[in-house]
Amino acid sequence: MQRVLFLCSLNRWRSPTAEQIFAEHPGIECASAGLNHGAENPLTPELVEWADLIFVMERQHKVKLSSEFKPWLRGKRVVCLNIPDRYQFMDPALVKLLHAKVGSFLPQD
């Protein structure tokens with residue numbers, strides 16, 4: 001079972017959407033978190049350690065992840081999706097974008 005973590009700034013729209021739409025994908029477990037103070041579910045070292053594959057929504061998230069969680073990132077694959085912060089939770093355009101950008105990294109049935 002591959003453990004997949006989705007990260008955005010506040011864990012309100014993009015990463016929870018990703019977690020929800022991929023929750024039933026075969027062969028993976030999903031979680032999501034936010035990198036900023038005040039995030040709904042703040043990122044912890046334990047979550048980083050738990051994950052096999054980490055998706056960040058923006059380049060700035062990758063930079064922040066690397067600077068604040070470097071000791072826990074060894075051997076982790078981090079993929080930047082380049083999805084800007086302009087979508088609401090479960091926005092159909094966001095769902096379509098996530099399927100297009102994430103699907104190829106996940107186990108296929």
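Which side chain does a polar contact join to the side chain of Asn-11, and at how many Å?

A: This is a predicted model, in which local features need pLDDT of at least 70 and side-chain atom pairs count only at pLDDT 80 or more, whereas totals for chains, interfaces and linings use all residues. Residues are numbered from 1 along each chain as its sequence is written, and side-chain values use heavy atoms, with hydrogens and water left out.

The partner is Ser-32: a polar contact of 2.9 Å joins its side chain to that of Asn-11. A polar contact here is a pair of N or O atoms within 3.5 Å; within protein, one atom must be able to donate a hydrogen and the other to accept it, and residues adjacent in sequence count only if both atoms are side-chain atoms. A polar atom of the Asn-11 side chain also lies 3.5 Å from the backbone nitrogen of Asn-41.

Asn-11 sits in the loop between β1 (2–8) and α1 (14–22), where helices (H or I, at least four residues) and strands (E, at least two) are DSSP runs numbered from the N terminus. Its phi is positive, at about 55°, although Asn-11 is not a glycine. Asn-11 counts as buried because its relative accessible area is 8%; buried means under 20% relative accessible area, exposed over 50%, and partly exposed in between, with a 1.4 Å probe and protein chains only. Leaving aside neighbours within four places in sequence, Asn-11 is in contact with Pro-16, Ser-32, Ala-33, Gly-34, Glu-40 and Asn-41, contact meaning heavy atoms within 4.5 Å.

Pro-16, one of these contacts, is also one of the buried residues of α1, along with Arg-14, Ser-15, Thr-17, Ala-18, Ile-21 and Phe-22. Thr-17, which lies in α1, is buried with a relative accessible area of 0%. Not counting residues up to four places away in sequence, Thr-17 touches Gln-88, Phe-89, Met-90, Leu-94, Val-95 and Leu-98.

Met-90, one of the residues that Thr-17 touches, lies in the loop between β4 (77–80) and α4. The phi of Met-90 is near 60°, a positive value in a residue other than glycine, while its relative accessible area of 29% makes it partly exposed. For a residue in α3, one can turn to Ser-67, which is exposed at a relative accessible area of 57% and whose side chain reaches the backbone oxygen of Lys-64 at 3.1 Å.

Of the 109 residues, 43% count as buried, and among contacts between residues at least 6 apart in sequence, 69% join residues at least 24 apart.
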